[in-house]
Amino acid sequence: MHADAQSPPPRLGAMPRDAQALQQAQQRSRALLHQRALVAAAVSAVPIPGLDWAVDAALLSKLLPQISEHFGLSPEQLDALDPDLRAHVQKAVAMVGSVFIGKLLTRQMILRLARTVGLRMGSKQWAKFIPFAGQAIAAAVGYGALRYLGERHIQDCVRVVQQAQAVHAGAQPPGSPP
């Protein structure tokens, strides 16, 4: 069946439909990110080598899919989209360069993400051996690293949703940057 100018645009599914809904998704995601980053900071202050890495990986493996879900970009939500819009969203995901949007996260993917801030994470381990201030430094680095990774994912989700909104509104050709 050939689509004509009279056919309605494909629905955005669970994705935010306007700027206000997108802003609300960002706020919910940042609040969740802040809570998880505080947990990461607390665990980072514990002077047990390797504990923070395990907790960070566990937090990220749950946090990133939750953030994606706030933006309507979980695998299940993407599968429910109109096939044409899903194809546009997948192109937008590829353009943004995110390997985490719309994917089930594996241990290897989380380790790849952690490597992007490896220097910060490594300094967290060394900081624990500095008397008194070391735990505070490790906690600050742990908080900052998780915030950085989460914020980066939020921004990727925002760009993908903005492109989907533009395609939905017919504001720009599919595949062009926002």
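Buried here means under 20% relative accessible area, exposed over 50%, and partly exposed in between (1.4 Å probe, protein chains only). This is a predicted model, in which local features need pLDDT of at least 70 and side-chain atom pairs count only at pLDDT 80 or more, while totals for chains, interfaces and linings use all residues. Residues are numbered from 1 along each chain as its sequence is written, and side-chain values use heavy atoms, with hydrogens and water left out.

**Whole chain.** Of the 178 residues, 40% count as buried. Colour by secondary structure: the protein has 7 helices and 0 strands, where helices (H or I, at least four residues) and strands (E, at least two) are DSSP runs numbered from the N terminus.

**Main core.** Select Met-15, Phe-71, Leu-73, Leu-85, Val-89 and Val-160. These have the most contacts inside the largest nonpolar core, which has 25 residues. A nonpolar core is a set of buried Ala, Val, Leu, Ile, Met, Phe, Trp, Tyr and Cys residues joined through side-chain atoms within 4.5 Å. The elements giving two or more residues to this core are α1 (19-44), α2 (51-70), α4 (83-96) and α7 (133-169). Helix α7 supplies the largest share, 7 residues. Next, show Ala-37, Val-43, Leu-59 and Leu-64, which are among the 10 residues of a second, separate core.

**Val-89.** Display its contacts (heavy atoms within 4.5 Å). Neighbours within four places in sequence aside, Val-89 is in contact with Met-15, Leu-73, Leu-78, Leu-81, Val-160 and Ala-164.

At the N-terminal end of α4, Asp-82 is the cap, with a side-chain oxygen 3.1 Å from the backbone nitrogen of Asp-84. After α4 comes Gly-97, whose phi is positive, near 90°.

**Gln-26.** Finish in helix α1, where Gln-26 lies. Is Gln-26 buried or exposed? Gln-26 counts as buried because its relative accessibility is 17%. Not counting residues up to four places away in sequence, Gln-26 touches Phe-71, Ile-154 and Val-158.

Technical notes:
A polar contact is a pair of N or O atoms within 3.5 Å; within protein, one must be able to donate a hydrogen and the other to accept it, and residues adjacent in sequence count only if both atoms are side-chain atoms.
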